[in-house]
Structure formats: structure tokens, C-alpha cells
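Open the model in your viewer and keep the selection panel at hand. The stops below go from one selection to the next.

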There are 2 protein chains.
Amino acid sequence: MKHEAIRKSFERFLRTRDLKLTSQRSRIFERAFSTHEHFSAETLYDWLREEEGPKVSRATVYRTLGLLLEGRFIQSLDVGRGELVYEHVTGHAHHDHMVCLACGKIEEFHDERIEALQAEASAKRGFVVVSHAHRLVGYCRGCVRKARREDEEEQRFGGGAATE
Amino acid sequence: MKHEAIRKSFERFLRTRDLKLTSQRSRIFERAFSTHEHFSAETLYDWLREEEGPKVSRATVYRTLGLLLEGRFIQSLDVGRGELVYEHVTGHAHHDHMVCLACGKIEEFHDERIEALQAEASAKRGFVVVSHAHRLVGYCRGCVRKARREDEEEQRFGGGAATE
DNA sequence: TTTACTGCAAATTCTTTGCAACAAC
DNA sequence: GTTGTTGCAAAGAATTTGCAGTAAA
């Protein structure tokens, strides 16, 4: 689905629920869908603050994210501790995540075979799946390389004690 | 690994880090490992409050959970929004989770084939996995049945509008 | 004009922390 | 005795909420 169609869908969503299309909601929606990055409520709030346009308060960001979530336009994912992170789901194929502990980058991956096995496991238990979260936590290729380089240098120059 | 051995391992863990085995830590450890249920910090705190023994404050519960986490005796999992939930990992085979939205029950499942595909996906991207969280969210068999029965009764007796 | 929306600041929820008294080692 | 621990209450971080003014429809 392309941007234009998604926006229409959001407007329809608001109308069916007798909600109003305010300039704040519009800005939040546009900003959230103009990126392919994952973002937290705070990040989105910061973006909106830096860019020009009608003022949007933090409370409204949270409230609108709630709406987008209900409408299944976006999806939240828990990336370790702390704040929730969002990504748009409409117009974006389903996928799972790999979260890098060092740089925070979130890579997406997808494997039909895993999905099939998941379906099999839940069917066997009579469990009806509404959504699923599949997250691998570790170190991405770039950070692993970087760490390896640093280890080598440490060896070469003789470093101090290893600290965390 | 059986209980006795796990406790020894915990004591060893404390000793290597020059930490002390206090009655509070001991109680928290014993309580956490005496159940196969998943628990939150608050739940654990409540258990300790109801049962008799040396007083344990909420702060100490959090601090000790932190220690157990560092020592990989327990593992945390994000079950939807809000608080973190813990389970012991030592002496317990690896598994994934199905979380029921209706009753909150957490079922465990495991499939070697999924693990293998996960390993394949991460290897392909040069991603080094430290841990993973795989969670299916939905409705368990019991709750699905219950909901179905209620739907049938609603039809039979003619219910009002469906509300959330 | 009606009904919903927004910003603000205060409230909540979960978790962490500073500090003085206290208990392992 | 030392050094790490505890409880308490206050602090923090993320998110929610009550309310009076404001803006869509």
C-alpha cells in the first residue's frame, strides 16, 4: 500500500470512530509514516519539535500513538528495557527483529519456515495467535568486527585490565 | 541441575564477586527457585511479605533480581506492556512463550527446528546472538473455549451489542 | 454550535538510588 | 573491624489523565 492510500485509510479510521482529523494527528501520522526507522514516543516528539509545523505536545504524541496502535497502523516492540519502540505495519510486510546491543540498530528478518513452525506449535496447543514478537538480541556484523579490531589492537599494544 | 546444586552455584557466584550471602538474598533466591511460575518483581515481593521470614524490602527485591539476572540464574521477559516478568533459567531447558491475553497464563513451547532456522538467519547476517525472545500473544485453549461458549449463549438468549 | 481535542501540569506505575543504620565476613 | 547490605523515602523515567480552553465538523 502506498502512502496516499494509507493516509486515506487513517482518515477513514478516524471517521468511523467519530474522531477528528486535527493538525496534530495529521503531523504525527505523516512523520511516523515518512520514515522506515523504528522510533520511540520521545524520538517522535523530538522530531516534531525540531521540524516546523503546528505545535504538538508530548501527551498528544502518546495519545495518537495509542490510536495508530489500535488501528493497527503501527506496532510496538519491546527492545530490551525501558521505552517502547514503534514501526509502521501498514504497507510493510511482516518480519522479526535482530537488535544490536552495541549500536542499538534494529535489523529485520523474515523466514516463512519459522512462521509455519510457529503456526504448527500454536495449533497443537489450541492457542489462537493474535500477534507475535520474535526478537534476537546480540551484536550486529559491524559491531562484532569493530570489537574484534579493538581486541587485536589491545593485544598488539598491550592493554590494561578488561573493563565493561 | 537440582535445587541444591543451583544454590551452591549462587553462593559461589556471590563469593567470586565479594558479595555477601545475606538472609534477604537467601530468601529471595529460595522463593524464586521454589516456583515454576513466572513472576514480576512486585509479585515476588508480595510472596515474601505474606510468607514469614526476615523482612525484605522492595528495593532489595529489585537489587537481588538484578544480581540473579547478571549471574544468568533468571531471565526476564517482556510480556506486553508494563512490568517485566522473570523465570529461572538455571536447571530449566530453553523455551519460548505463548502469552494468553485473557487469563495472562504463560505457556512454554520449544521446537528445535525453529532454533535452527533462527541460527541460520543470524549467521547469514553475521549477527551474534546473545539471547532471544520469542513470544506468541493470543488466547489459550481454555479461554478460546470459554469465549465460544459465551458467544453461543449470547446467540441463544439474544444479547446486546458486542462491547469490548 | 456541538463534540471532540489539545496542552499543561499533576498523577501513576515501575524501578533506581542516596544515605545512615546494620549485618556478614 | 571492614566492607558490603538493607530499608526507607525520595528521585527518575516513561506514560497517563483531569481539566479548562480550543478547534474540527
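Before the first stop, one definition: Ala, Val, Leu, Ile, Met, Phe, Trp, Tyr, Cys and Pro count as nonpolar, Asp, Glu, Lys and Arg as charged, and the others, Gly among them, as polar. Keep in mind that this is a predicted model.

**Stop 1: the surface near DNA strand C**

Select DNA strand C and the residues around it. There are 20 of them, and the closest are Lys20(A), Arg25(A), Lys55(A), Ser57(A) and Thr60(A). Colour this surface by class: seven residues are nonpolar, four are polar and nine are charged.

Which helices each supply at least two residues here? They are H2 (23-33) and H4 (58-70) of chain A, and H4 (58-70) of chain B. H4(B) gives the most, with four residues.

**Stop 2: atoms of the DNA**

Now show the atoms of DNA strand C that lie within 4 Å of the protein. Sugar or phosphate accounts for 72% of them, and bases for the rest.

- Thr60(A): an N or O atom in its side chain is 2.3 Å from a phosphate oxygen.
- Lys55(A): a polar backbone atom is 2.5 Å from a phosphate oxygen.
- Leu21(B): a polar backbone atom is 3.3 Å from a phosphate oxygen.

**Stop 3: where chain A meets chain B**

Hide the DNA and select both protein chains. Chain A brings 39 residues to the contact, and chain B brings 39 residues. Together the chains bury about 3,300 Å², with 61% of that on carbon and sulfur atoms. Pick out Leu117(A), Arg125(A) and Phe127(A): these supply 20% of the area that chain A buries against chain B, more than any other three residues.

**Stop 4**

How many salt bridges cross between chain A and chain B? The rule finds two. To see a salt bridge, select Arg113(A) and Glu120(B), whose closest N and O atoms are 2.9 Å apart. The rule also finds 16 residue pairs in polar contact across the interface.

Next, look at the side of chain A that touches chain B. Strands S4 (96-100), S5 (106-109) and S6 (128-139) and helices H5 (112-124) and H6 (141-157) of chain A each supply at least two residues to that side. The largest share, twelve residues, comes from S6(A). By class, this side has 20 nonpolar, eight polar and eleven charged residues.

**Stop 5: a strand pair**

Finish with S6(A) and strand S5 (residues 128-139) of chain B. The two run antiparallel and are joined by eleven bridges. Within this pair, find Tyr139(A), which stands opposite Val128(B).

Terms used
Residues numbered from 1 in each chain as written. Chains lettered and ligands numbered in written order. Predicted model: local features only at pLDDT ≥ 70, side-chain atom pairs only at ≥ 80, totals over all residues. Heavy atoms only, no water. Near = heavy atom within 4 Å. Polar contact = N/O pair within 3.5 Å; in protein donor to acceptor, adjacent residues only side chain to side chain. Contact = heavy atoms within 4.5 Å. Buried area = accessible area lost by both parts, 1.4 Å probe. Salt bridge = Lys/Arg side-chain N within 4 Å of Asp/Glu carboxyl O. Pairing = 2+ DSSP bridges.
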